[in-house]
Amino acid sequence: MTITQTHQAEAVRLAEVRRTFGTGDNAVAALDGVTLAFPTGTFTAVMGPSGSGKTTLLHCAAGLDRPTGGSVVVAGTDLGPLTEHALTLLRREAVGFVFQSFNLVSALTAEQNVALPLRLAGRRPDRARVLAGLAEVGLADRAGHRPSELSGGQQQRVAIARALVTRPAVLFADEPTGALDTGTSREVLGLLRATADRHGQTVIMVTHDPVAAAYADRVVFLADGRVADVLPALSAEAIATRMARLEA
Amino acid sequence: MSPLATIRQRWVSFVGTFVTLALGVALVASTLLVFLSATPAVPERLAGTAVLVRAGGTPWSPDALRDLTVRLAAVPGVTAVVPDHAFYAQLVVGGHPVGRPGVRDPQGHGWSVAGLAPYPLLDGRAPERDGELVVGRSAGLAPGAAVTVLTAAGPVPYTVTGTVDGPGLYVADAVAARHAGRVPLLGIRTAHVDLPAITAAVAGAGEVLSGDARSALEDDAVSGTREIGEQVLVAMVLLAVFSTVFVVASTFAFATNQRRREFGLLRAVGATPRQIRRAVYGEALGVGALAAAVGVLVGALAAPPLGTVLVDVGFEPPGFVTRVPAWPLGVAYVVGLAVAVLGAGSAARRAGAVGPVEALREATVDTRPMTRARWLCGGAATVLGAVLAVATPAAENEDLMLLSMLAAMALMVAMTLLAPVVIPPVVRALTWPLGRLAGATGTLARESSLTAVRRTASIAAPVIVTVGFAALILGQVATVSSAYRSRGTSAVAHESVVRPEGTPGLSDAVLAALPAGRSSAYTPTEVYVSGRSRVAAGVDPAAFRPATSSGSLADFGAPDTVVVVGGPDAAPPGVGDRLPVTFADGRTVTLRVVAVLDSSDEAELFVPRATVRAHDPSALTPLAYVDGVPLAELRATVAGLGATAVRGVDYESDSSARDDVLVRIFVLALIGLSVGYTGIAVANTLVMATAGRRRDFAVLRLSGGTVGQVLRSVAAESAMVVGIGAALGLAVAVAALLGVRAGLAQALGAPVALLVPWGTVGAVVAGCLALAVGASVLPARLALRRRAVALAGDRE
């Protein structure tokens, strides 16, 4: 099933997506008619000033939040008509997440955390596959450790292994390096870049860090809930300049 | 997603649930065992007799008894028909009566009755004539000993002729017949049991009892005691189950709320709401399975000592033994699991409703503390509680307590469910002055209890229950006993009261010893007028001087005279009427009505005491009222006759002393139970809450707060929440008590004072306060031992 999905030309497609919070006079449009396509196998960074709607975009694209208007298609499936249950099943199959705070289940070991999505899907986790996933992120020797026994960078790498274990059509990352120091940030970003290069993994990453965005194939700039610009791979300096202009 | 892994990791949040469940299951298991062991048993003295016939309705007349005996003796296989001539008799040892004669087993019997147990003769020979007696071996007497036996007539000297292997006093059958005057029971000794033939021979003249049905002949005192015990046990189980569900629900709800991020994360990585619910239920079952196993074990071990305690305090009859079969333990185990799942139900539903985006939110502010289900259930519980409280006054006496208890329970559930709505305005109102002051402690306590409404509600809820129950139960007992005590006017109207000491009632010898003309006494006996049972009292005609509505007491005194009370009967007998009255011995006598009274607390009919004696020689007099004789002199007069004298004003409290002790034990047990339960809930919630606030504390420390300031604000917040819980609990209790007061006033036709023992209620509140402050300050102190910067970096 995942194989047919990866053959889609576009992993995620947003059309005229709107998302407003609150009602009446208090209504705020976080997304104001966003149309974007994320081709399969690309690594996209989403940037923008605070309040530009980048996190809302990520939530809507991932099926975590439902847009007020427009449509979201993930791996060829329109999310609009899906029930909460069906949406959960789709997320389980086609979507992986990496959060800023690593969000591992503290009661489970690294190996159990990675196997969690498989267990939730009712599948018997293939131990070799889980360990291979951990090896991929360089943590083969930490399988039995609990999150409290791992460093921040290691926890985030476990989170990436967990997000990739179902071989999702798209991997979403929300400020994955926000809680990490420069050195470990570089490791994590290198890892994301490598999954895109080696396995053709589609990656969508929200960040406000130009250095992080520089790892992507292209950068989407958001401002006031609209797409301000879409640029191909740039240097960190060029991105920072573009950002400074947006914030001005 | 293994529930066991979660339980291992988050054991703090499960400790409270575990302890509560284990305690609850232990209580249910041991109570169930005691309850089941306390089934009616065939009285030992009749155990060896397969078939017994009991008089139903009016007693057998001598003629009817003779005919019945002949008919039964003619049934093939019947070897003997033994009339149970039972009469009041008590051995006097060293001037004091010993033993516990009861209504159904008055200790004195004809010798042939010893064959019904059977109690074989151990030593000596059977009694044959007046003054001869066979006693139980336990009396420690040997044949030839001279003893005094107290009977309804007074002390009688006897010589022991033999001993039997069983309790009781046995005299020659003819002597017993004279003492008893009546036969309530026939024992049938048969070679083989032919029940249809015996039933045919009885022909509706009595009730044929065989097999387990013979347990209906159990001593009233034994069954009465057991009934009290059963009520206590049922109340304890009810309270235990209610509190357990309550505590499990509130701790689970709180723990779940603390784990919203975790559930959101699981939802984000692909868990369906159903999987989340199943996980929470799984945890509940995991904790429940372990806790119930521990509880069942503890319950099985605790049941026999509990039975012993219940015997010691008088809730179960002596000789009570707790049996421990396996199936009640299985029931208790299943109850434990069910309670765990029930308690986790709302938490599970709530956890399933957590959205995946929750994992990404940082703040722990309660955005939506009130769900629709909470509004609905809270509203329904409020209405139910209000309806019950309003309906309480109309209830009968026994239902009064139950209804008020249920009303209070419903209101407590309502308060708890609506706490997120009820508590913030109360907090704002109470702490408004604090916010005006410059001190950080008050402001912090106020704001944090307002922000985390659910935490505040979780801590207040058990306090509401504890204080509510304590005030309700204490108030019920105080109000009811004071209401009834103020009624006891007949004793207060007299200088002294002569009451039994070590005996079930006063003998004629006591009454005879009292100064004539200065005493009054009523000797009750059951009579039947046109087939209906009435209470008649034998009195001394010379001393009987109540106000009459018609007729004259001057004519009262001849054996065939009767004074009646003109009740609400359609056609009350009038003066000069002839009234056929059937007495305890089954004889029917036509009495002449000489006077009619308006009302009387003592009886419905009054006859000369000699008339009572002629038909019911074993009747005892409960009390005698005496005026104009010094108390010391009175005591000396009745000494050695199984009686003593007290002042009239002291009497009421004295007579209910045993009841008071029972009630006090009962109340203490219930309050101890509910305080214990809710204590666990308060402590557990606070420990969980405080552990989850380490980061808050760190921020306070980093902002320049001293350790003392942080601890003071934590203590202030706990104290404030306990205060609010106590106030709401008292409100619930007072609402329920007002219903009780109205009901009592209606029943007694007099105003009743609402009494709440504030001292004890205050102690309960103080206990909650100490517990809450301790359970929040200690974990906070532990958390603050680490350096603030390290704390701030802590992650969940």
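1. A41(B) counts as partly exposed because it has 15 C-beta neighbours inside 10 Å; on this scale a residue is buried with 20 or more other C-beta atoms within 10 Å of its own, exposed with 12 or fewer, and partly exposed in between, the C-beta atoms being placed from the backbone. This is a predicted model, in which local features need pLDDT of at least 70 and side-chain atom pairs count only at pLDDT 80 or more, while totals for chains, interfaces and linings use all residues. Residues are numbered from 1 along each chain as its sequence is written, and chains are lettered from A and ligands numbered from 1 in the order in which they are written.

2. A41(B) sits in the loop between α2 (11-37) and β1 (51-54) of chain B, where helices (H or I, at least four residues) and strands (E, at least two) are DSSP runs numbered from the N terminus. Leaving aside neighbours within four places in sequence, A41(B) is in contact with S215(B) and E218(B), contact meaning that C-beta atoms, placed from the backbone, lie within 7 Å. The C-alpha atoms of A41(B) and D212(B) are separated by 7.7 Å, although the two residues are 171 apart along the chain.

3. Strand β13 (residues 496-500) of chain B is joined to the antiparallel β23(B) by five bridges, and S496(B) stands opposite R647(B) in β23(B).

Definitions and conventions. Two strands pair if DSSP finds at least two bridges between them. Two residues are in contact if their C-beta atoms, placed from the backbone, lie within 7 Å.
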